[in-house]
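I opened a new structure today and kept notes as I went. The entries follow the order in which I looked things up.

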Amino acid sequence: MLHLWPSLQLEGWEIDEILIDKARDYFGLSDLEKTTEGGGILNVHIGDVFIPSENLCRRYAGIVVDLFSEGKVLPQLEEVSTWLELQERLMPDGRFMVNCGGIDGESSPESLLSDETWLLNPTLKALSKAFPGQLSWKRMPKVSGENFMALTGSMPDVESWSASVSSPLSTNVKDWRPCGQVSRN
């Protein structure tokens, strides 16, 4: 994100300090924690993002969620109540972008139309109940793990969105589609 938009002020949370240390040592995380020429920076916080604290009183224009444990999406992210609580951390018209994981091995995507495969993902279903009519999705290609991605808010105009971001993002924007309605039960 800082590479594409060097003026962003980013806040990152990680519960495992060892992962942060390894990312600093081997993946260049320390470079992202320095102010860019454009004034952007990544501030890394060690702790559980689900535990209320002073640092979590701020509101954000966007929140990117990529929470996994042992290769699976955290169970809290499959609950509508979690998303409604997290929504309080967004500014008005703020959005979530979420890596929702994939489909469990027991599901059969062949039984659904391609526009309905998102129904097999529990995180997407919870998001659609929390944000009815305000959720878009796309599925990543097989080489990227076939995970589902979600974006809250009204469906953006993909043509103008595509024109406003650089490659390779510009071509992938056109893969987003709105989620249908799911009952709140």
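**Entry 1**

I began at the start of helix 1 (residues 17–26), where a side-chain oxygen of D16 comes within 3.0 Å of the backbone nitrogen of I18. I then went to the other end: just after helix 1, G28 has a positive phi of about 75°. I note here that the model is a predicted one.

**Entry 1: the chain as a whole**

I looked up the overall make-up next. The protein chain has 6 helices and 9 strands. Of its 185 residues, 34% are buried. I also checked how far along the sequence the contacts reach. Among contacts with a separation of 6 or more, 63% are between residues 24 or more positions apart.

In what order do the strands of the open sheet lie? I found 5 strands in the order 3-6-8-7-9, with mixed pairing. Strand 3 (60–65) and strand 9 (177–178) are the edge strands, and each of them pairs on one side only.

I then went through two of the pairings. Strands in a sheet pair through backbone hydrogen bonds, in a parallel or an antiparallel way. Strand 3 and strand 6 are parallel to each other, over 5 bridges. I noted Y60, whose bridge partner in strand 6 is L90. Strand 6 and strand 8 are antiparallel, over 3 bridges. On that side, M97 has L151 in strand 8 as its bridge partner, and V98 stands opposite A150 in strand 8.

I also looked for a helix against the sheet. Helix 3 (residues 80–87) packs on it and touches strand 3 and strand 6. The direction of helix 3 makes about 135° with that of strand 6.

I checked backbone angles along the way. Most residues other than glycine have a negative phi. D93 is not a glycine, yet its phi is positive, near 65°. D93 is found in strand 6. Is D93 buried or exposed? Its relative accessible area is 79%, which is over the 50% cut-off, so I wrote it down as exposed.

Nonpolar side chains tend to be buried together in soluble globular proteins.

Setting aside neighbours within four places in sequence, V98 is in contact with V65, W83, T123, L127, F148, M149 and A150.

**Entry 2: aromatic pairs**

How many aromatic pairs does a search of the whole structure find? It finds 4. I looked at two of them in detail.

The ring centres of F96 and F131 are 5.9 Å apart. F96 lies in strand 6 (residues 90–99), and F131 lies in the loop between helix 4 (122–130) and strand 7 (135–139). The pair therefore ties together parts that are 35 residues apart in sequence. F96 counts as buried because its relative accessibility is 1%, under the 20% cut-off. F131 is buried too, with a relative accessible area of 8%.

W137 and F148 form another tilted pair, with 5.7 Å from centre to centre and 45° between the planes. W137 is in strand 7 and F148 is in strand 8 (residues 148–152), so far apart in the chain as 11 residues. Both W137 and F148 are buried.

I made one more note on the rings: ring pairs link W83, F96 and F131 into a cluster.

**Entry 3: a residue in strand 5**

I ended with V73, which lies in strand 5 (residues 72–73). V73 has a relative accessible area of 12% and is buried. Which residues is V73 in contact with, leaving aside its neighbours within four places in sequence? They are L67, F68, C100, G101 and T123. For one of these, C100, I also looked up the C-alpha separation from V73, which is 6.8 Å. V73 and C100 are 27 residues apart along the chain.

How values were computed: Residues are numbered from 1 along each chain as its sequence is written. This is a predicted model: local features need pLDDT of at least 70, side-chain atom pairs count only at pLDDT 80 or more; totals for chains, interfaces and linings use all residues. Side-chain values use heavy atoms; hydrogens and water are left out. Rings of Phe, Tyr and Trp (its six-membered ring) pair if their centres lie within 6.5 Å; planes under 30 degrees apart count as stacked, over 60 as edge-to-face and the rest as tilted. Helices (H or I, at least four residues) and strands (E, at least two) are DSSP runs, numbered from the N terminus. Buried means under 20% relative accessible area, exposed over 50%, partly exposed in between (1.4 Å probe, protein chains only). Contact means heavy atoms within 4.5 Å. Two strands pair if DSSP finds at least two bridges between them. Axes are lines fitted to C-alpha atoms, for helices over the stretch in contact, and angles run from 0 to 180 degrees between N-to-C directions. A polar contact is a pair of N or O atoms within 3.5 Å; within protein, one must be able to donate a hydrogen and the other to accept it, and residues adjacent in sequence count only if both atoms are side-chain atoms.
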